[in-house]
Amino acid sequence: MDAPRSMEIPATQPLLGRVVRGLAALDASSKIAIVCVVFGWFFTNTFVVSLGSLEHGVRFFDTSAVIADPTRLFFDGDTPFHRVFFGLMCLACLIAPLAPHFMKTRTAWLGYLAPLALILACGALLYWRTSGELFAPPSDPKSLSSNLIHFANDLVHRGSDLVSRHVSLGAGSYLSLFGSVVLAVQGVRRAHYRA
């Protein structure tokens with residue numbers, strides 16, 4: 001008669017252990033690029049607004065609030081929902097390069113493109129929000145309110161030229177763009193190498 005075998009159930013590795021193992025599997029340039037993106041998104045200013053001697057900085061994780069209301073570039077508003085939601089999205093994009101170390105599919109290497117895709121999407125949305133008409137014209141084009149709204153939109157567009165002279169890209173935008181481009185190149189190179 002055989003001795004009874006112990007019924008051991010293989011323990012699944014906790015999420016933190018898998019993340020640490022995925023980080024250890026990254027090459028040095030990818031680790032440095034992720035650190036650059038973290039500092040660019042969370043610790044340094046992406047946009048700098050200067051009016052005379054006053055300067056106001058906006059970090060990347062506040063970009064969703066600026067996209068929702070472009071006047072937030074100039075006034076710091078209380079936007080906890082935008083910060084939490086978009087901050088979680090930023091963290092997901094920063095963890096995305098670890099995907100190839102968990103999944104064995106060829107498309108997992110697209111995770112390396114996530115930070116760059118988020119930066120480009122935010123830039124496109126911000127450009128679209130600030131270049132379009134701020135006030136929607138009414139349905140009757142010959143009414144007095146339509147003329148007033150067209151006048152207000154013209155005034156805003158003329159003022160936006162003046163405002164754009166006071167908004168510049170901060171160090172965070174360059175740092176995060178550099179890091180995300182390095183990650184994208186590494187991801188494309190590794191996906192091609194695995195093919």
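Val 35 has a relative accessibility of 45% and therefore counts as partly exposed, since that category lies between the 20% limit for buried and the 50% limit for exposed. The model is a predicted one. Val 35 belongs to helix α2, residues 28–43. Together with Phe 39 and Phe 43, Val 35 forms a nonpolar surface patch of about 300 Å² accessible area.

Helix α2 also has buried residues: Ser 30, Ala 33, Ile 34, Cys 36, Val 37, Gly 40, Trp 41 and Phe 42. As for its length, the 16 residues of α2 should span 22 Å at 1.5 Å a residue, and the 21 Å between its end C-alpha atoms agrees with this.

In soluble globular proteins, nonpolar side chains tend to be buried together. Here the largest nonpolar core contains 29 residues, and Trp 41, Phe 60, Cys 90 and Leu 118 have the most contacts inside it. Two or more residues of this core come from each of α2, β1 (47–51), α3 (63–68), α4 (80–95), α5 (114–131) and α7. Leaving aside residues up to four places away in sequence, Cys 90 touches Trp 41, Phe 42, Phe 60 and Leu 118.

Helix α7, residues 171–194, holds Ser 176. The relative accessibility of Ser 176 is 3%, so Ser 176 counts as buried. What does Ser 176 touch, not counting residues up to four places away in sequence? The contacts are Cys 36, Val 37, Gly 40, Trp 41 and Ile 119. Of these, Cys 36, Val 37, Gly 40 and Trp 41 are among the buried residues of α2.

Methods: Residues numbered from 1 in each chain as written. Predicted model: local features only at pLDDT ≥ 70, side-chain atom pairs only at ≥ 80, totals over all residues. Heavy atoms only, no water. Helix = DSSP H or I, 4+ residues; strand = E, 2+ residues; numbered from the N terminus. Buried < 20%, exposed > 50% of the residue type's maximum accessible area, 1.4 Å probe, protein only. Contact = heavy atoms within 4.5 Å. Patch = residues over 30% accessible without salt bridge, like charges linked within 9 Å, V, L, I, M, F, W, Y side chains within 5 Å. Areas by Shrake-Rupley, 256 points an atom, 1.4 Å probe, with all protein chains shown as cover. Salt bridge = Lys/Arg side-chain N within 4 Å of Asp/Glu carboxyl O. Core = buried A, V, L, I, M, F, W, Y, C linked by side-chain atoms within 4.5 Å. Expected span 1.5 Å × (residues − 1).
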